[in-house]
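Please open the model in your viewer and keep the selection tool at hand. The stops below go from one selection to the next, with a short account of what can be found at each.

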Amino acid sequence: MTDKPKESIHTRIWREEPEPNNPFATRAAYCHGYDVYGDMLGRARWADMLYLLFRGEAPSAAQANLLDALALALANPGPRDASVHAAMCGGVAGSTAAASLMAALSVGAGRYGGAREVFDAMNIWITVGHDLTAWIRHASEWESSTLDIWPQAEHPAGFDPYGVTTSTTVLQCLDKLAGMGPFPHLAWLAANRQHLEASLGLPLALVGVAAAVLVDLGFSAQEGEMLYLMLRLPGAAAHALEQSDSGFKHFPFYPVEWTPSQECAEAP
Amino acid sequence: MKGVEFLANNAGRLKTAVGVCYPGSHAIFRGHDLHADLRDMDWVELYVFGITGRRFSKPQVRLLHAIWVYTSYPDARLWNNRVAALTTSARSSSNLGMAAAIAVSEATVYGGRAGLQSMQFLMRAKAALDAGAELRTHVQTELQERRIYGYGRPINSTDERIPWMMALVKELGFDQGPHLKLAFEVEKVLLPLYPKLRMNYAALHAALIADLGLSLREYQLLRVPTFMAGMVPCAVEAAEKPQGAMFPTPCSEVAYEGAGKRAWPA
């Protein structure tokens with residue numbers, strides 16, 4: 001067996017040393033050079049590991065604290081959220097655990113409150129930085145000229161298309177997280193929130209705060225999209241399990257209005 | 001109706017125009033009684049009717065069947081099929097494996113995104129030509145602005161599916177479709193410039209569907225089960241083998257290219 005056979009998985013993230021008697025068993029595992037089980041375990045936090053996996057370096061204490069706080073803020077979107085609703089549809093009818101999480105991931109991946117909206121919002125920051133005029137222009141030009149597998153965006157990324165005023169939880173989140181800084185994008189968002197909201201005609205959403213956090217932590221838009229998907233799963237799992245315990249008789253099976261000759265919805 | 005009022009108006013009920021089931025009685029599928037009116041429908045015909053709300057002829061439905069049959073490759077090395085095989089090899093549910101493999105098939109170098117982009121390119125090109133543009137000029141402009149999907153193939157540039165499909169296309173009389181003819185014309189423009197950019201199955205698939213009159217979004221939905229029949233044998237065989245038999249990877253088959261060993265900061 002050579003060190004680098006023809007069919008190899010190439011990685012900069014993970015190195016495993018085999019047990020002397022078994023090439024498939026791990027004697028030591030290193031994440032970006034750090035001994036995970038021999039050195040990190042018991043000393044590093046979940047947030048440290050997340051940051052390390054994606055960024056390749058250990059976070060500062062402030063960065064780990066911020067990621068930890070974001071994870072708490074995103075952990076449970078609640079049963080009204082479409083992604084959690086999807087997970088509950090799995091739980092209530094006895095679908096597998098993975099199916100419930102796959103349902104939450106699929107529904108929570110989109111451009112209305114989902115991970116693709118985080119991707120879009122992060123790209124505003126990454127493209128225009130703190131240029132307020134450019135930021136508003138970029139956020140307002142949400143429609144792309146070409147069609148992709150993702151549906152077209154229908155509102156400025158990071159803002160609530162149905163919102164009336166900024167919700168208290170979003171304000172609490174922005175205030176607390178910006179206060180953990182200095183974090184430049186969170187600070188800028190906190191300072192300019194009202195101007196942005198007035199210009200775009202919509203209140204800030206939690207998606208927008210999450211995007212600012214993820215940019216402040218140095219993640220790319222692709223990395224932020226992945227993290228947002230992952231960090232919202234705990235609530236989906238818990239609610240799916242709860243519904244599997246309570247059963248479908250206690251889960252809504254909505255009345256239907258079948259209107260074959262009419263439009264079933266108006267544009268928001 | 002906007003904002004909160006719009007949400008409130010849609011809360012607590014399902015407003016639908018496509019269908020409804022009445023348990024113990026009957027089910028409506030796009031305005032038809034599923035059992036009384038549609039029970040003899042071919043499944044693919046029903047599927048495309050569900051997507052578009054339009055009825056397709058028997059030759060058109062046969063073409064759709066063939067497009068899927070001709071690309072059903074039960075080779076577990078293929079990335080999407082590998083997901084199906086790994087799932088059952090890891091003794092997970094085959095349903096989960098198929099769903100994940102189908103999700104993975106919406107890929108960029110093959111599958112869903114490649115097909116969608118290819119169809120979009122052909123539609124753009126046809127619109128440009130209809131407006132008086134010259135094909136060579138249009139293709140060169142596209143090449144400068146973006147990658148052209150539907151030409152070239154990751155592993156081998158020759159696509160063995162095309163002659164088989166074209167034989168059937170001719171037999172069914174679909175060989176004069178404007179998008180199909182255009183797809184071959186584009187290949188003639190590309191090949192002298194890039195010999196590896198032979199037309200692939202994505203372009204053929206996209207052209208045929210465009211000629212059937214489906215929109216890009218309808219095509220995206222139509223594609224969903226495209227590779228499914230090829231995935232199933234991979235899942236079945238992996239389930240029949242002992243657990244963990246698919247692609248076991250010793251430590252030596254991972255080529256580490258990252259940072260050297262270092263101590264975790266105190």
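Begin by selecting β2(A) and β3(A), which run antiparallel and are joined by six bridges; strands here are DSSP runs (E, at least two residues) and helices are DSSP runs (H or I, at least four residues), both numbered from the N terminus, and two strands pair if DSSP finds at least two bridges between them. This is a predicted model, in which local features need pLDDT of at least 70 and side-chain atom pairs count only at pLDDT 80 or more, while totals for chains, interfaces and linings use all residues. Residues are numbered from 1 along each chain as its sequence is written, with chains lettered from A and ligands numbered from 1 in the order in which they are written.

Within this pair of strands, pick A:Arg15 and look across to A:Tyr30 in β3(A), which stands opposite. The two strands are connected by a hairpin, and two residues make the link from β2(A) to β3(A).

Now extend the selection to strand β4 (residues 34-35) of chain A, which pairs with β3(A) in the antiparallel sense over two bridges. Here A:Cys31 has A:Tyr34 in β4(A) as its bridge partner. β3(A) and β4(A) also form a hairpin, with two residues between them, and A:His32 in the turn has a positive phi of about 50 degrees.

Next, select helix α2 (residues 46-55) and helix α3 (residues 61-74) of chain A, which pack at an angle of about 105 degrees with their axes 9 Å apart; the axes are lines fitted to C-alpha atoms, for helices over the stretch in contact, and the angles run from 0 to 180 degrees between N-to-C directions. That angle makes α2(A) roughly perpendicular to α3(A), a term used for 65 to 115 degrees, whereas angles under 35 count as roughly parallel, over 145 as roughly antiparallel and the rest as oblique. To see where the helices meet, show A:Ala47, A:Asp48, A:Leu50 and A:Tyr51 in α2(A) together with A:Gln63, A:Ala64, A:Leu67, A:Asp68 and A:Ala71 in α3(A).

Then display both chains and look at the contact between them, to which chain A gives 47 residues and chain B gives 44 residues; residues are in contact if their C-beta atoms, placed from the backbone, lie within 7 Å. On the side of chain A that touches chain B, β2(A) gives the most, with four residues. The predictor gives the complex an ipTM of 0.90 and a pTM of 0.92.

Stay between the chains and select β5(A) with strand β1 (residues 14-16) of chain B, which pair in the parallel sense over three bridges. The bridge partner of A:Trp258 in β1(B) is B:Thr16.

Moving on to chain B, which averages a pLDDT of 94, with 100% of the residues scoring at least 70 (pLDDT is the predictor's confidence in each residue, from 0 to 100), select the open sheet of three strands in the order β2-β3-β4, where the pairing is antiparallel. β2 (19-22) and β4 (32-33) of chain B stand at the edges, each with a single partner strand, so one side of each is left without a neighbour in the sheet. Four bridges join β2(B) to strand β3 (residues 26-29) of chain B, and B:Cys21 stands opposite B:Ala27 in β3(B).

Last, colour chain B by its domains, whose bounds come from an automatic or database domain assignment: domain 1 (21-55), domain 2 (74-105 + 227-245) and domain 3 (111-222). Taken over C-alpha atoms, the centres of domain 2 and domain 3 of chain B are separated by 30 Å.

Key: Contact = placed C-beta atoms within 7 Å.
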